[in-house]
Amino acid sequence: MRRHTGRPGRRTRNLRRSLAAVALALLAGVHAAPAASAAEVPAVVHSERLRAGPYDIEVSFTDWPLYADRSLDMTFQADRGIKGRTARLHLISPSGEDYGKRGAGLGRALPRYTRSHDRWGLDGTLLPDEGTWRFDLAVEGPEGAGRGSLSVPVGPRPGPPIQASWAVGLLPAIAAVPICLALWWRGRGRRTAAVWTWD
């Protein structure tokens, strides 16, 4: 007769360990959530001044110099604050095209910056073309309406040309074609030999 020691079985111990691991993971997620929600404002590395009628606007960038197709944040802060004021931005490309007409959502009222509500801002904006861009800003508020422009140089797209990137990306697929053909041909030959042997 086997004596019962009262110790939990292996399955019970494994279950307890799994539950403990899940609890620790949940606790880590709860502690990390406030830190993630309170995301810090990205560091501003360059600022320019823009005069739009009676309004002095500081235009700030989280990346400088600017390069085509590189994402960045842009903020627009009025010296007297943005409460009771609205602003509209048009980005004019080097070719003279209004970037808002490409479906970029510009030309409407600038929203408050998601990471700091005391200014207007755009998150994750990229300028697709190299050259000098023109920022046309229109502001309306208690002091009246004003317009101003700022010229911003944008450098070439970083990295190799798109065509070269595509070529490099397709190299493995191109190299795999003859290998697959050779394997298929060898397999076909073996099947044929097996048929002749069987006859």
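Colleague: How many aromatic pairs does a search of the whole structure find?

Modeller: Rings of Phe, Tyr and Trp (its six-membered ring) pair if their centres lie within 6.5 Å; planes under 30 degrees apart count as stacked, over 60 as edge-to-face and the rest as tilted. Three such pairs are found here. The model is predicted, local features need pLDDT of at least 70, side-chain atom pairs count only at pLDDT 80 or more, and totals for chains, interfaces and linings use all residues. Residues are numbered from 1 along each chain as its sequence is written, and side-chain values use heavy atoms, leaving out hydrogens and water.

Colleague: What is the arrangement of the rings of Phe61 and Phe135?

Modeller: The pair is tilted, because the planes stand at 55 degrees, with the centres 6.2 Å apart. Phe61 belongs to strand E2 (residues 55-61) and Phe135 to strand E8 (residues 131-141), so the contact ties together parts 74 residues apart in sequence. Strands (E, at least two residues) are DSSP runs, numbered from the N terminus.

Colleague: Is Phe61 buried or exposed?

Modeller: Buried means under 20% relative accessible area, exposed over 50%, partly exposed in between (1.4 Å probe, protein chains only). Phe61, at 0%, is buried, and Phe135, at 1%, is buried.

Colleague: Which parts of the chain does the pair of Tyr99 and Trp133 link?

Modeller: Tyr99 sits in the loop between strand E5 (86-92) and strand E6 (112-113), and Trp133 in strand E8, 34 residues apart. Their pair is edge-to-face, with 5.7 Å between centres and 85 degrees between planes. Tyr99 is buried at 14%, and Trp133 is buried at 0%.

Colleague: Which residues do ring pairs link into a cluster?

Modeller: The cluster consists of Phe61, Trp64 and Phe135.

Methods: Helix = DSSP H or I, 4+ residues; strand = E, 2+ residues; numbered from the N terminus.
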